[in-house]
Amino acid sequence: MTHESAASPAPRRPAPPTGWRRTAFRLPVHMFRMGLGPLFGGRLLLLVHTGRVSGLPRRTAIEVVEAGSQEGRACWTVASGFGPGADWFRNLERTPHATVQVGRRFHAVTAQVLTAEEGGELMVRYAPRHPGVARRLCAYMGFEVDGGTEDYRRVGEAIPFVRLTEGAKR
């Protein structure tokens with residue numbers, strides 16, 4: 001499955017952080033582990049997933065793009081800003097069963113990669129709720145947006161989104 005829109009150039013994916021930037025990016029993981037998850041107010045979740053090579057538990061803090069329910073089950077949708085090559089994304093493709101921590105609560109979930117069309121619709125809904133963040137995210141990934149619906153749809157079609165659904169069949 002491709003996450004690139006045929007009509008738009010491929011985005012410039014930022015390199016995963018290294019050095020002090022990696023330490024800063026990992027700070028929310030440590031905060032969750034210290035019981036400070038409620039400070040994020042549901043905007044971040046801690047994803048505990050299985051390493052595709054090591055088989056060991058891995059932890060990643062990710063922004064929640066959208067939370068809700070699907071077929072009566074809680075679900076959270078997250079985006080891979082570093083693209084389909086992000087370790088956590090690749091790990092979920094290999095082993096879609098994971099655990100999320102939202103606040104202080106833990107939920108067993110199953111991951112499903114969304115289609116490019118679903119990603120476009122998600123971004124169209126997300127951008128008006130968080131206009132500044134949406135604009136900065138797009139610029140960070142090399143997209144130029146004018147703030148219009150079609151621009152955000154195009155960007156959303158190029159970003160891999162994952163829906164984490166609680167209690168889905170294993």
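**View 1. Crossing of helix 3 and helix 4 in the predicted model.** The axes of helix 3 (residues 116–129) and helix 4 (residues 131–140) approach within 5 Å and cross at roughly 125°; axes are lines fitted to C-alpha atoms, for helices over the stretch in contact, and angles run from 0 to 180 degrees between N-to-C directions. Helix 3 is therefore oblique to helix 4, given that angles under 35 degrees count as roughly parallel, over 145 as roughly antiparallel, 65 to 115 as roughly perpendicular and the rest as oblique. On the helix 3 side, M123, Y126, A127, P128 and R129 meet P131, V133, A134, L137 and C138 of helix 4, where contact means heavy atoms within 4.5 Å. The residues of this contact comprise nine nonpolar, no polar and one charged; Ala, Val, Leu, Ile, Met, Phe, Trp, Tyr, Cys and Pro count as nonpolar, Asp, Glu, Lys and Arg as charged, and the others, Gly among them, as polar. Helices (H or I, at least four residues) and strands (E, at least two) are DSSP runs, numbered from the N terminus. Residues are numbered from 1 along each chain as its sequence is written, and side-chain values use heavy atoms, with hydrogens and water left out. Because the model is predicted, local features need pLDDT of at least 70 and side-chain atom pairs count only at pLDDT 80 or more, whereas totals for chains, interfaces and linings use all residues.

**View 2. Crossing of helix 3 and helix 5.** The axes of helix 3 and helix 5 (residues 149–158) come within 7 Å, with a crossing angle of roughly 135°. This angle makes helix 3 oblique to helix 5. Helix 3 contributes A116, G119, G120, E121, M123, V124 and A127 to the contact, and helix 5 contributes T149, Y152, R153, V155, G156 and E157. By class, six nonpolar, four polar and three charged residues take part in the contact of helix 3 with helix 5.

**View 3. Strand 6 and its pairing partners.** Five of the six residues of strand 6 (residues 161–166) are buried, that is, under 20% relative accessible area with a 1.4 Å probe, protein chains only. Strand 3 (residues 73–79) runs antiparallel to strand 6 and is joined to it by five bridges; two strands pair if DSSP finds at least two bridges between them. V78 stands opposite V162 of strand 6. Strand 5 (residues 105–113) also pairs with strand 6 in the antiparallel sense, over five bridges, and V162 is the bridge partner of V113.

**View 4. Overall arrangement of the protein chain.** The protein chain has five helices and six strands, which follow the pattern α-β-β-β-α-β-β-α-α-α-β along the sequence. Of its 170 residues, 42% count as buried.

How values were computed: Buried means under 20% relative accessible area, exposed over 50%, partly exposed in between (1.4 Å probe, protein chains only).
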